[in-house]
Amino acid sequence: MADNVGNADARPDLELEEEFGDERPTIDEQEMAEAMAPCGAEGVGIPMSHPGGGSGGHPAGVPGGPGGHSAGAPMERQRHGGARSVGFRPGGGPQALAYEERTGIKAPRIIAWEITRSCNLSCAHCRAAAEFGYYPGELSLDEIKAVIDDIATISNPILILTGGEPLMRPDIWDIVDYAHEKGCMPVIGTNATLITDEIAAKMAEHKIPRISVSIDFPTAEEHDAFRGQPGCFEASIEGIKIAKRHGIGVQINMTVTTLNHTKVAEVHDLAESLGVDAFHIFMLVPTGRGADLLDKELPPEEYERVLTWAYHRQKTSPLHFKPTDSPHYYRIIRQLAKAEGRKVTREEYGLDAMTRGCLGGITFCFISHIGDVQPCGYFDMQLGNVKEQPFSKIWTESPVFNDLRDYSKLKGKCGRCEYKAVCGGCRARALEITGDYLEAEPYCVYEPKTPEGSC
Ligand code: SF4
Ligand code: SF4
């Protein structure tokens, strides 16, 4: 399951909205203008009101209640990005606010933690190149508890327990319980093939609100061929159904490549038919074993097409549906909204109006199976190790984290782009392809309005 949970986007983040509250300005108002101020350029001109008002064409009354599927419950107004989900409390909490006040740095609100690299599968595009077996140097339960203690001094984040396959860890329920005890919200990224009634009952007993499961194709034949694992499609679908029966929320993640970019709608519809809560598409970031799939990464134009399709499909999807690891999606939202005469407001666009594309090092990070801290699982650079120094110190002091938080350091066209506060480009892709994590995102077709050399 390491393929796409090492990033900010297996993030079950919808409930962060609650923490932002109604008063908090959208990222457009808050940061876009500021980001461009040093260049003397203006932020993006988004109309302050739009004709029609109300839902502005984002339809209300889509069947299903929260989560999209409960019949008979009154439906909240459908917003861009799909139905609202339930069951989470926000990542961060009062500790995060106190930390930000103290340091001027945002606290981590979501941490993906590879609690083991061992996996019962060995999928072709796995970020971690994980396989079944013993990986030396993995953190013990005591070490994990100590790290949670330290994290809890600066935040109460959502902890995405991932792998490898996290259910391979015999002490997983101890980890889950301890995370709860310290005010964190553990969720699980799993391939779901190990989920039995007994395991799903454990998930419910230990208050796991949601799991995320990767499904890349709408049929067993295609999915199994891509993963190199005969039978894994059926096993994952069965695991999803069992989890749902036990009341566990399910998010389906799809890694989009040249092999399946025409199948996104079908996988979305499969997710809907399974009655899951969320559907997140991930644009392949070719690192780890996925580096072998470099030639399967979508060309930038096709990438743009898929994200444009997603924007329109989001309007009516009953799922919480969003692209991930696609920072320019947040530029595309604003371009398309503007063309439709809309403003990207919290009311209509939910969290999409409040967050930005790449959160690596900003409110999200990744801890590897041996304790290395990275901006995300695809960002192949170790910024410290939790066995050697406290997580909180690495988060606060790492020069790389601090670079990522300073958008004025972005180079190339990302550096002069009027959308950099909401997008920022994928820093892992920039690192992988150019060797410099601050360089321009290599998979973006957009040409900023500010000419080269003027910023
Ligand atoms: S140029 Fe960079 S910051 Fe601007 S939209 Fe493209 S990836 Fe995002
Ligand atoms: S660097 Fe790329 S893969 Fe990592 S969190 Fe940012 S957008 Fe996602």
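I began with helix α4 (residues 141-151) and α5, whose axes lie 10 Å apart and pack at an angle of about 20 degrees. For my own record, axes are lines fitted to C-alpha atoms, for helices over the stretch in contact, and angles run from 0 to 180 degrees between N-to-C directions. Helices (H or I, at least four residues) and strands (E, at least two) are DSSP runs, numbered from the N terminus.

This is a predicted model, where local features need pLDDT of at least 70, side-chain atom pairs count only at pLDDT 80 or more, and totals for chains, interfaces and linings use all residues. Residues are numbered from 1 along each chain as its sequence is written, while chains are lettered from A and ligands numbered from 1 in the order in which they are written.

**Back to α4 and α5**

I noted that α4 and α5 are therefore roughly parallel to each other; angles under 35 degrees count as roughly parallel, over 145 as roughly antiparallel, 65 to 115 as roughly perpendicular and the rest as oblique. On the α4 side I found L141, I144, K145 and I148, and on the α5 side D174, I175, Y178 and A179. Contact here asks for C-beta atoms, placed from the backbone, within 7 Å. I sorted this contact of α4 with α5 into six nonpolar, no polar and two charged residues. The classes: Ala, Val, Leu, Ile, Met, Phe, Trp, Tyr, Cys and Pro are nonpolar, Asp, Glu, Lys and Arg charged, and the others, Gly among them, polar.

Next I looked at α7 (residues 220-227) and α8 (residues 232-245), whose axes come within 8 Å and cross at roughly 110 degrees. That is why I wrote them down as roughly perpendicular. A220, H223, D224 and R227 of α7 touch C232, F233 and E234 of α8. I listed three nonpolar, one polar and three charged residues there.

Then came α10 (residues 300-314) and α11 (residues 329-339), packed at about 60 degrees with axes 10 Å apart. These two are therefore oblique to each other, and α10 passes α11 in a right-handed crossing. L307, T308 and Y311 in α10 meet Y329, I332, I333 and L336 in α11; six of these residues are nonpolar, one is polar and none is charged.

**The sheet**

I traced an open sheet of nine strands in the order β7-β6-β5-β4-β3-β2-β1-β8-β9, with mixed pairing. Strands pair if DSSP finds at least two bridges between them. At the edges I found β7 (320-324) and β9 (373-374), each pairing on one side only. Strands β8 (residues 364-367) and β9 run antiparallel and are joined by two bridges. F366 stands opposite Q374 in β9.

Most residues other than glycine have a negative phi, and most peptide bonds are trans. The bond from G163 to G164 is cis, with omega near 20 degrees, and G164 sits in the loop between β2 (158-162) and α5 (172-181). K207 has a positive phi, near 60 degrees; I found K207 in the loop between α6 (197-205) and β4 (210-214).

**Ligand shells**

Around ligand 1 I recorded 16 residues, the closest being C414, C417, C423, G425 and C444. A residue is near if its C-beta atom, placed from the backbone, lies within 6 Å. This shell of ligand 1 has nine nonpolar, three polar and four charged residues. Ligand 2 has 13 residues around it, and C358, G360, C376, C426 and A428 are the closest. I classed the shell of ligand 2 as nine nonpolar, two polar and two charged.

Key:
Left-handed = near helix turned anticlockwise from the far one by under 90°. Contact = placed C-beta atoms within 7 Å.
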